[in-house]
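Colleague: Could you walk me through this model and tell me what stands behind the words you use for it?

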Amino acid sequence: MPKMLNLMVCCAENRVMGRENRLPWRIPEDLKFFHEQTAAKTIVLGRICYQTWPRAREDGRRLVVITSDSALARDGVRVARSVPEALAAAEDLPGEIYVNGGERIFAEVLALDRPMRLHLTLVHAEVPGDRYFPEWRHLAWREVSRRESSDANYRYTFFTLER
Ligand SMILES: NC(=O)c1ccc[n+]([C@@H]2O[C@H](COP(=O)([O-])OP(=O)(O)OC[C@H]3O[C@@H](n4cnc5c(N)ncnc54)[C@H](OP(=O)(O)O)[C@@H]3O)[C@@H](O)[C@H]2O)c1
């Protein structure tokens with residue numbers, strides 16, 4: 001039985017999640033949640049997400065980076081050339097699997113027919129950007145939890161959804 005896949009994303013109402021290789025916002029509460037939730041987990045992520053996340057290798061995370069650049073492999077960082085290869089590698093590593101994007105990786109994983117949990121921070125705003133979380137609202141999710149919050153700039157809701 002393959003492990004449950006966790007997907008973790010923070011996106012706006014218009015599904016924007018990135019701009020110019022960065023997050024389009026700074027939401028400290030979400031960043032804290034993201035770092036706590038992914039600590040000591042096996043993380044599957046794309047090359048740009050890896051290269052733009054300075055703390056990725058901290059806090060006991062085991063990384064599987066999807067890239068054609070095998071030179072990125074090092075202690076605690078495995079390299080895979082595709083989503084299926086990355087998920088197979090992650091299955092062999094200890095602990096829960098978290099898929100952290102980017103765009104193509106989320107799309108491929110959401111299309112899989114296997115149990116998954118979506119940790120979604122939905123930012124209640126329309127935000128300009130160039131990377132989008134794939135449409136997820138039409139899929140048959142069961143809502144496990146939701147918590148609303150806000151800061152000086154945004155209102156947002158932390159959802160946990162399963163299917
Ligand atoms: N708000 C959020 O929660 C969130 C989450 C994730 C990402 N983001 C944002 O999204 C942006 C980064 O994501 P991104 O989509 O641009 O890049 P990405 O997926 O992190 O990296 C793209 C690279 O990863 C490899 N890759 C990705 N998908 C692949 C696939 N299906 N098969 C084989 N290789 C694959 C390729 O590497 P090579 O070129 O090395 O072969 C590709 O050039 C940033 O703006 C980031 O802030 C936001």
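Modeller: Buried residues make up 31% of the 163 residues in the chain. This is a predicted model, in which local features need pLDDT of at least 70 and side-chain atom pairs count only at pLDDT 80 or more, while totals for chains, interfaces and linings use all residues. Residues are numbered from 1 along each chain as its sequence is written.

Colleague: What makes a residue buried?

Modeller: A residue is buried if 20 or more other C-beta atoms lie within 10 Å of its own, exposed if 12 or fewer, and partly exposed in between, with C-beta atoms placed from the backbone.

Colleague: How do you know what the overall fold pattern is?

Modeller: Helices (H or I, at least four residues) and strands (E, at least two) are DSSP runs, numbered from the N terminus. By that rule the chain has four helices and ten strands, and along the sequence they follow β-β-α-β-α-β-β-α-β-α-β-β-β-β.

Colleague: Why does the radius of gyration agree with a compact globule?

Modeller: The radius is taken over C-alpha atoms, and the globule rule is 2.2 Å times the number of residues to the power 0.38. For 163 residues that gives a value near 15 Å, and the chain has 15 Å, so the two agree. The C-alpha trace spans about 40 × 30 × 25 Å along its principal axes.

Colleague: What makes two strands a pair?

Modeller: DSSP has to find at least two bridges between them. Strand β3 (residues 42–46) and β4 are joined by five bridges and run parallel; Thr 42, for one, has Arg 62 as its bridge partner in β4, and Ile 43 has Leu 63. β4 also pairs with strand β5 (residues 77–80), in the parallel sense, over four bridges; here Ile 66 is partnered by Ala 80 in β5.

Colleague: Why is β4 called largely enclosed?

Modeller: Four of the five residues of β4 (residues 62–66) are buried, so the rest of the structure largely encloses this strand.

Colleague: Which strands form the open sheet, and in what order?

Modeller: Eight strands form it, in the order β5-β4-β3-β6-β1-β7-β10-β9, with mixed pairing. β5 and β9 (142–150) stand at the edges with a single partner strand each, so one side of each lacks a neighbour in the sheet. Neighbouring strands are turned by 20° against each other on average, direction ignored.

Colleague: How do you know that the buried residues of α3 line one face?

Modeller: The buried residues of α3 (residues 83–92) are Val 83, Ala 86, Leu 87 and Ala 90. Seen down the helix axis they fall within an arc of 95°, so they line one face; the arc is that of the directions from the helix axis to the C-beta atoms. An α-helix has 3.6 residues a turn, so residues three or four places apart point the same way. The face of α3 turned away from the buried side carries the exposed residues Pro 84, Glu 91 and Asp 92.

Colleague: What do the buried residues of α3 pack against?

Modeller: They pack against β3, β4, β5, β6 (97–99) and α4 (103–110), where contact requires C-beta atoms, placed from the backbone, to lie within 7 Å.

Colleague: Which residues of α4 are buried?

Modeller: Ile 105, Phe 106 and Val 109 are the buried residues of α4. Their arc, seen down the axis, is within 100°, so they too line one face of the helix. What covers them includes β1 (5–12), β3, β4, α3 and β6.

Notes: Two residues are in contact if their C-beta atoms, placed from the backbone, lie within 7 Å. Axes are lines fitted to C-alpha atoms, for helices over the stretch in contact, and angles run from 0 to 180 degrees between N-to-C directions.
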